Amino acid sequence: RIHMRTIGLLGLLVLGLLLGSASAQDKGKLDPAKLVGTWTYVSAERDGKKIPAKNLEKGIVKISKEEITLESPDSKFVFKYRLDQAKTPVGIDLEITEGPQGVGTKAEGIVALDKGELKICYPAKGGARPKEFATKEDTGLHLFVLKAKK
């Protein structure tokens, strides 16, 4: 009896270790299904400068499994995107497929979903993938912080 109980406890311990290591590996990963929906802007920066909240009020971001659409009263941009879960933070590869300018432009960015806020940072005119969610003057980086539209 003691022998079976010991084996049972050992099995639970191994199972716990396996589940623990799996969740540790998944930490920092992004469930693509959680991106799909309509988002509004919390904040935005371009080249280290905050974009005034008034400029963001009427803008929305729609995300499907394959596209991100940025809509405002005076413009619309559509990006194809692909996530790269091997990168930390998670990478996002973007290509403009529709818009008033830049069609065909590609950018390698980063993306994270934390406490209901979606952050996307990328070099709008191409360049190296950013390593953090921040912009600085003359870097060409754009940073958007979004929240799901209610």
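What share of the 150 residues of the protein chain count as buried?

1. Overall burial and contacts. The model is predicted, and 31% of the residues of the protein chain count as buried in it. Among contacts between residues at least 6 apart in sequence, 39% join residues that are at least 24 apart.

2. Secondary structure. Two helices and nine strands make up the list of elements for the protein chain. Their order along the sequence is α-β-β-α-β-β-β-β-β-β-β.

3. The largest pocket. Its volume is about 760 Å³. The lining of the largest pocket consists of 29 residues, and those nearest the centre are R46, L70, F77, H142 and F144. Sorted by class, the lining has 13 nonpolar, nine polar and seven charged residues.

4. Where the lining comes from. At least two residues of the lining of the largest pocket are supplied by each of β1 (37-46), α2 (53-56), β4 (67-72), β5 (75-84), β6 (91-98), β7 (106-114) and β9 (141-148).

5. Strand β8. This strand covers residues 117-123, and five of its seven residues are buried, so β8 is largely enclosed by the rest of the structure. On one side of the pairing scheme, β8 runs antiparallel to β7, with five bridges joining the two. β8 also pairs with β9 in the antiparallel sense, over seven bridges.

6. The β7-β8 turn. β7 and β8 form a hairpin that has two residues between the strands. K115 lies in this turn and has a positive phi of about 50°.

7. Salt bridges, total and network. The whole structure contains nine salt bridges. R82, D93, E108 and R129 are linked in a network of such bridges.

8. E98 and K76. The side chains of E98 and K76 meet in a salt bridge at 3.8 Å, N to O. E98 belongs to strand β6 and K76 to strand β5, so the pair ties together parts that are 22 residues apart in sequence.

9. D84 and K87. In the salt bridge between D84 and K87, the closest N and O atoms are 3.4 Å apart. D84 has 18% relative accessibility and therefore counts as buried, the cut-off being under 20%. K87, at 35% relative accessibility, counts as partly exposed.

10. E132 and K136. A salt bridge joins the side chains of E132 and K136, with an N to O distance of 3.5 Å. E132 is partly exposed, its relative accessible area being 45%. K136 has a relative accessible area of 52% and is therefore exposed, since the label applies over 50%.

Conventions. Residues numbered from 1 in each chain as written. Predicted model: local features only at pLDDT ≥ 70, side-chain atom pairs only at ≥ 80, totals over all residues. Heavy atoms only, no water. 1 Å grid on protein atoms, 1.4 Å probe; cavity = no way out; pocket = protein on both sides within 12 Å on 5 of 7 lines; lining within 4 Å. Points joined across faces, edges and corners; volume = space filled by probe spheres on them. Helix = DSSP H or I, 4+ residues; strand = E, 2+ residues; numbered from the N terminus. Nonpolar A, V, L, I, M, F, W, Y, C, P; charged D, E, K, R; others polar. Buried < 20%, exposed > 50% of the residue type's maximum accessible area, 1.4 Å probe, protein only. Pairing = 2+ DSSP bridges. Salt bridge = Lys/Arg side-chain N within 4 Å of Asp/Glu carboxyl O. Contact = heavy atoms within 4.5 Å.
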